[in-house]
Amino acid sequence: MNASGFLRVLAVDDEPPALDELAYHLRADPRVARLHTAGDATEALRVLRDGDVDVVFLDIRMPGLDGMELARVLRRFARPPAIVFVTAYDDGAVDAFDLGATDYVRKPVRAERLAESLRRVIGARVVPSHPAALARAEEDPTIPIELAGTTRMLPRSAVRWVEAQGDYARLHTAEGSHLVRVSLATLAERWADAGFVRVHRSYLVQLKLIAELRLVNSGYVVVIDSTELPVSRRHTRELKDKLVRAAKQDWNR
């Protein structure tokens, strides 16, 4: 343990070698004052019952109560700890951040990657807890994306439109595009309240960024950032209605 540290950390993994490696790296970080370990969710809840913890580094795939289910339990705490998922898989990333996870780390873990996670935990702790600040964070969640082996957090507000690619979705931003493992249908459902609308079976767009709805030989297209995206016949009427309503709202402000 590091006397100079200040974070109380719990590491949870049902595989002893993985837990030992995670614990080794966390103990070596000077920001960690106290480290507890647990081999499953039941043991983790026992640790949490006996004392406060600032952050839980949590494996997802565990027997019994898995990491996602445990995270949902932790969210109901009066003072919930930060959650950092540590997993060999990337298919839970979107669900993890829907649960308010601070970070999502891929195995095998690296010391520098865990150091970045601790930095994010500390950054989240010093953000003002004013209701307006919390509301802004909830309104613009982040999406984990992989760039050159590093997980970056992409604000949802940076996404201009989304393209389906099999079981994946490609998020298009002003700077480029990023592939994430989540279906377009899932994003369409989760992001509807944020202004994203389905215009085609393969495309989801941010309504307020549509510059044009244009009739071409093959049907309608929408224009976003000078890019034309097809509008399917079944979505045309609904899209027109939404564009008219949005325009009226802007006019009446």
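Q: Strands here are DSSP runs of E with at least two residues, helices are runs of H or I with at least four, and both are numbered from the N terminus. With that settled, where is D225 found?

A: D225 is found in the loop between β14, residues 219–224, and β15, residues 227–231. Keep in mind that this is a predicted model.

Q: What is phi of D225 near?

A: Phi of D225 is near 55°, which is a positive value in a residue other than glycine. For background, most residues other than glycine have a negative phi.

Q: And S226, what is its phi near, and where is its place?

A: S226 also has a positive phi, near 70°, and is not a glycine. Its place is in the loop between β14 and β15.

Q: Is S226 buried or exposed?

A: S226 is exposed, because its relative accessible area is 71% and the cut-off for exposed is over 50%. D225 has 40% relative accessibility, so it counts as partly exposed.

Q: While we're at K107, which side chain does it meet in a salt bridge?

A: K107 pairs with D13, at 2.7 Å from N to O.

Q: How many salt bridges does the count come to?

A: The count comes to 15 salt bridges. One of them joins the side chains of R8 and D54, at 2.9 Å from N to O. That pair links distant parts of the chain, 46 residues apart: R8 is in strand β1 (residues 7–12), and D54 is in the loop between α2 (41–50) and β3 (55–58).

Q: What about R113, which side chain does it meet?

A: R113 meets D103 in a salt bridge of 2.9 Å, N to O. R113 sits in helix α5 and D103 in strand β5, 10 residues apart. Both residues are buried. Salt bridges with shared partners join D103, R113, E116, R119 and R120 into one network.

Q: New topic: what order do the strands of the open sheet have?

A: There are five strands in the order β2-β1-β3-β4-β5, and the pairing is parallel. The edges are β2 (32–38) and β5; each has a single partner strand, so one side of each is left without a neighbour in the sheet. From one strand to the next, the twist averages 20°.

Q: Over how many bridges do β4 and β5 pair?

A: Strand β4 (residues 82–87) pairs with β5 over four bridges, in the parallel sense. T87 stands opposite R106 in β5.

Q: And what does α1 touch when it packs on the sheet?

A: α1 touches β1, β2 and β3, and its direction makes about 170° with that of β2.

Q: One more residue: where does H200 lie, and what is it in contact with?

A: H200 lies in strand β11, residues 196–200. Leaving aside neighbours within four places in sequence, H200 is in contact with L184, P230, V231, S232 and H235. H200 is buried, because its relative accessible area is 17% and the limit for buried is under 20%.

Q: Finally, the whole chain: how many helices and strands, and what share of residues is buried?

A: The chain has eight helices and 15 strands. Buried residues make up 41% of its 253 residues. Among contacts with a separation of 6 or more, 52% come from residues 24 or more positions apart. The chain exposes about 14,200 Å², and carbon and sulfur atoms supply 49% of that area.

Notes:
Residues are numbered from 1 along each chain as its sequence is written. This is a predicted model: local features need pLDDT of at least 70, side-chain atom pairs count only at pLDDT 80 or more; totals for chains, interfaces and linings use all residues. Side-chain values use heavy atoms; hydrogens and water are left out. Buried means under 20% relative accessible area, exposed over 50%, partly exposed in between (1.4 Å probe, protein chains only). Contact means heavy atoms within 4.5 Å. A salt bridge is a side-chain nitrogen of Lys or Arg within 4 Å of a carboxyl oxygen of Asp or Glu. Two strands pair if DSSP finds at least two bridges between them. Axes are lines fitted to C-alpha atoms, for helices over the stretch in contact, and angles run from 0 to 180 degrees between N-to-C directions. Accessible areas come from the Shrake-Rupley method with a 1.4 Å probe; for residues, only the protein chains shown count as cover.
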